[in-house]
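Me: Hey, I'm new to this one. Can you walk me through it bit by bit?
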Amino acid sequence: MGMWNDRVVPRIVDRALSGKDIRRYRERAVAGLHGTVLEIGFGSGLNVPVYPPEVETVLAVDPSGLGRQLAAGRVAASPVRVEFIGLDGEEIPLDDASVDAALSTFTLCTIPDAARALGEVRRILKPGGRFHFLEHGLSPDADVARWQHRCNGLEQRVAGGCNIDRPMDALVRDAGFELADLHNEYMRGPKMARPWGYLYLGRAVPVPS
Ligand SMILES: C[S@@+](CC[C@H](N)C(=O)[O-])C[C@H]1O[C@@H](n2cnc3c(N)ncnc32)[C@H](O)[C@@H]1O
C-alpha cells in the first residue's frame, strides 16, 4: 500500500476535501486564529486560502511529500508564511508554549496515536492558546455507528490510515482539553454517506495542570 498511500491518496484527498461545502466548514474552523499557528496534518494546504488575516505564520506538520507539492501553489499565493517544521504530529519539534493557536482539519482520524499528537498540541500551545478542529468521527446514531465500526478496517486500508469511528470530542477532552465550543452535524449528502460525514467542529483550551 506504500505507493497507493504516498502517490494516490493525497490526490484523492485534495479533490474530495476541496468542495464548497467543506470550504465553508474550513472558514468556520479557522475563524479566530492569529499569530503563529501550528497546523497538524497540513496535507495539500486546503486551509491556506481561508486563514484569517491575523495569521502571520503557519508551522506545518505532515509526513506527505506529495501533499507539500500539491500545496505549493496555495502557499505561494498566500500572504501567510508557511514553514514545514515536521513530519509527525506525534513528535513535534517545537518548544513548550511556543504557538498562539493550533489547527487540525480531517487529521485526528488519520494520525495513528491521535492522543499523543493532542498531547503535543497541548504542550506547544501558549497559555490561553486554543486548539481549533474540524474532524469527522463517531456518530451518536447507533445505526450509523454500527456501519462506521464495520467499515473502519477497510477505510483504514484504502484511505491512508483514516478511521471513521473515533469519538473526537472524547479524544480531545481525554488529552487534557476543555471544549470551549463544539458543533456536530452530518455533512450534506446522501444518507448512505453518513458514516463518513459526521462532523466535529470546535475549539478547545488546555485544562491547566
Ligand atoms: C485526510 S488528510 C487531511 C489533510 C488536511 N488537513 C485537510 O484538511 O485537507 C489527513 C492528513 O493527515 C496526515 N497525517 C498522517 N499521519 C500523520 C501524522 N502522524 N502526523 C501528522 N499528519 C499526519 C496525512 O499525510 C494527510 O495529509
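Me: Where is the place of S64?

Reply: S64 sits in the loop between β2 and α3. Keep in mind as we go that this is a predicted model.

Me: Is S64 buried or exposed?

Reply: S64 counts as buried, because it has 21 C-beta neighbours inside 10 Å and the cut-off for buried is 20 or more.

Me: And what does S64 touch, not counting residues up to four places away in sequence?

Reply: With those left out, S64 touches P10 and G43. There's also D6, 58 residues apart from S64 in sequence and 6.9 Å apart in space, C-alpha to C-alpha.

Me: Ok, ligand next. Which residues are the closest to the ligand?

Reply: S64 again, along with G41, G43, G89 and T105. In total, 19 residues surround the ligand.

Me: How do the residues of that shell divide into nonpolar, polar and charged?

Reply: The shell around the ligand has 8 nonpolar, 8 polar and 3 charged residues.

Me: You mentioned G89. Where is G89 found, and is it buried or exposed?

Reply: G89 is in the loop between β3 and β4. It counts as buried because 27 C-beta neighbours lie inside 10 Å.

Me: What is G89 in contact with, leaving aside its neighbours within four places in sequence?

Reply: The contacts of G89 are I40, G41, V61, I111, A117 and E120.

Me: What about L87, which loop does it lie in?

Reply: L87 lies in the loop between β3 and β4. L87 counts as partly exposed because it has 14 C-beta neighbours inside 10 Å. Apart from neighbours within four places in sequence, L87 is in contact with V61, D62 and P63.

Me: And A97, is it buried or exposed?

Reply: A97 is exposed, because it has 12 other C-beta atoms within 10 Å. A97 lies in the loop between β3 and β4, and it has a positive phi of about 45° although it is not a glycine.

Me: Which value is phi of F106 near?

Reply: Phi of F106 is near 50°, again a positive value in a residue other than glycine. F106 is in the loop between β4 and α4. It counts as buried because of its 23 C-beta neighbours inside 10 Å.

Me: Changing topic: what order do the strands of the sheet have?

Reply: The order is β3-β2-β1-β4-β5-β7-β6, an open sheet of 7 strands with mixed pairing. Its edge strands are β3 and β6 (177-186), and each of them pairs on one side only. On average, neighbouring strands of this sheet are turned by 20° against each other, direction ignored.

Me: Which strands does helix α2 touch where it packs on the sheet?

Reply: Helix α2 (residues 20-30) touches β4, β5 (125-136) and β7 (198-206). The direction of α2 makes about 165° with that of β5.

Me: What about β4, how many of its residues are buried?

Reply: β4 is mostly covered, with 6 of its 7 residues buried. Strand β4 (residues 99-105) pairs with strand β1 (residues 35-40) in the parallel sense over 4 bridges, and E39 stands opposite L103 in β4. β4 also pairs with β5 in the parallel sense, over 6 bridges. There, the bridge partner of L103 in β5 is H132.

Me: Which helix makes a β-α-β unit with β4 and β5?

Reply: That's α4, and the unit is right-handed.

Me: Which residues of α4 are buried, and what do they pack against?

Reply: In helix α4 (residues 114-124), the buried ones are A114, A117, L118, E120, V121, R122 and I124. They pack against β1, β4, β5, α6 (168-174), β6 and β7.

How values were computed. Residues are numbered from 1 along each chain as its sequence is written. This is a predicted model: local features need pLDDT of at least 70, side-chain atom pairs count only at pLDDT 80 or more; totals for chains, interfaces and linings use all residues. Two strands pair if DSSP finds at least two bridges between them. Helices (H or I, at least four residues) and strands (E, at least two) are DSSP runs, numbered from the N terminus. Axes are lines fitted to C-alpha atoms, for helices over the stretch in contact, and angles run from 0 to 180 degrees between N-to-C directions. Two residues are in contact if their C-beta atoms, placed from the backbone, lie within 7 Å. A residue is near a molecule or strand if its C-beta atom, placed from the backbone, lies within 6 Å of it. Ala, Val, Leu, Ile, Met, Phe, Trp, Tyr, Cys and Pro count as nonpolar, Asp, Glu, Lys and Arg as charged, and the others, Gly among them, as polar. A crossover is right-handed if, with the strands pointing away from the viewer, the path from the first strand over the helix to the second runs clockwise.
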